[in-house]
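Subject: Handover of a structure and findings

Dear colleague,

Please find the structure below for your records. My findings follow it.

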Amino acid sequence: MSTDRLKSLRGSAVIAGVGTFGMGEAPGFTDMELLARAAHAAVADAGLTMADIDGLCTASAASTMWALPVVEYLGLNPTYIDSTMLGGSSFIAHLVPAMLALEAGLCNAVLVCYGSAQRSATFGRREIVASRRFLDPQPYEMPYEPMLPPSAYALAASRHMQQYGTTRRDLAEVAVAARAWARLNPEAFMRDPLSIDDVLGARMVSDPLSVRDCCLVTDGAGALVLTRAERARDLPGKPVYVLGGATAVWNRQISSMHDLTVTAASQSGRQAYAMAGLGASDIDVVQLYDAFTINTLLFLEDLGFCAKGEGGAFVRDGAIAPGGRLPVNTNGGGLSCVHPGMYGIFALIEAARQLRGECGERQIAGANTAIAHGNGGTLSSQATAVLGTADAL
């Protein structure tokens, strides 16, 4: 699609409502039950009913035809469906296609939703990872039996350290900042104090990553509702405008990356900024998919908040923690808030809540622009969304 056509979409759709449910631990709930609670919360937050929903975007790591039972369970009859599965970035990747569908009149209100009980379920993350050996084989990696995904991200972290002098302490800064934000968020799963020494002294999972460098394994569900911007004028909540978005995929396996320190976020970010007519210096709040601490450094670099190789220096001394120069992952991120397997939708929800001024103790005063960035696979799919208030139009 041409850049001019994409720019014409800028601000044409809004996030009109958001909802979460079962954040952390939700024993007794299935993936679908969690999703349904979050979906109903988001639709109600938008001032709509399920009968108003005629578009659906959803995906799941546990089902290749996940949209079908979601339609059935929620009682929907959508005229637009997107169940593209790109891993944790999927829900951010769904935004621009949904905007096109809204513009074309294919639908009027799109529900983007996700739920996972991976922490509580008997068939959880471990079983899903094992099943992928057969359902989603990675021929250049699985024969060597790496511990995926941690070993893949450890490989990227090791390379970044060797090439740019990044240290384990730099990585620890990311985890400590995430925890500091989580302590301000009642929804966050882990809210105990966390120090640099705690991270450095934690159990090693895959050198150089300790358990505190790795995301949580939680339950949780999130949902949001997209409508055309003009419709939002009649809805109760403060609209959050989608100013830009893009998705990029360069590889499936991390062993197929051309450079372990440069991700496809460098492409998705550039394209999303172009659509939005903004740059990194214009962004007030940053929500990044922090499956591992190295992700935050890589995405800060690839999205233009600092130069390549300077991510470690950029985050030192609490620079991305509360009170720092750049608010990053203000909900606590996947490292301390929630990570039910596919985190991207929670980055979108936190960005929207910040722009709506709903974040209580962790609220960033005067926030008018935000980035939500998603990652899928092992630094595989990357999707970037630029959001803004009416003042950013």
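The 12 residues of helix 11 (residues 265-276) should span 16 Å at 1.5 Å a residue, and the C-alpha atoms at its ends are 16 Å apart, which agrees. The expected span is 1.5 Å times one less than the number of residues in the helix. Helices (H or I, at least four residues) and strands (E, at least two) are DSSP runs numbered from the N terminus.

This is a predicted model, in which local features need pLDDT of at least 70 and side-chain atom pairs count only at pLDDT 80 or more, while totals for chains, interfaces and linings use all residues. Residues are numbered from 1 along each chain as its sequence is written, and side-chain values use heavy atoms, with hydrogens and water left out.

Among the buried residues of helix 11 are Ala265, Ala272, Tyr273 and Ala276; buried means under 20% relative accessible area, exposed over 50%, and partly exposed in between (1.4 Å probe, protein chains only). Directly after helix 11, Gly277 adopts a positive phi of about 70 degrees.

Tyr273 is also one of the residues that Phe305 touches, as are Ala280, Leu300 and Ile371, leaving aside residues up to four places away in sequence. Contact here means heavy atoms within 4.5 Å. Phe305, with Leu111 and Leu300, has the most contacts inside the largest nonpolar core, which has 132 residues. Such a core is a set of buried Ala, Val, Leu, Ile, Met, Phe, Trp, Tyr and Cys residues joined through side-chain atoms within 4.5 Å. Apart from it lies another core of 6 residues, including Ala172 and Val199.

The search of the whole structure returned 0 disulfides, a disulfide being a pair of cysteine sulfur atoms within 2.5 Å. The sulfur of Cys337 has its closest cysteine sulfur in Cys359, 10 Å away, which is too far for a bond. Cys337 is buried at 1% relative accessibility, and Cys359 is buried at 2%.

Several backbone features deserve a note. Most residues other than glycine have a negative phi, and most peptide bonds are trans. The bond from Leu148 to Pro149 is cis, with omega near 5 degrees, and Asp207 and Pro208 are likewise joined by a cis peptide bond, with omega about 15 degrees. Asp317 has a positive phi near 60 degrees and is exposed, at 76% relative accessibility. Leu379 has a positive phi of about 55 degrees, but is buried, at 0%.

Yours sincerely
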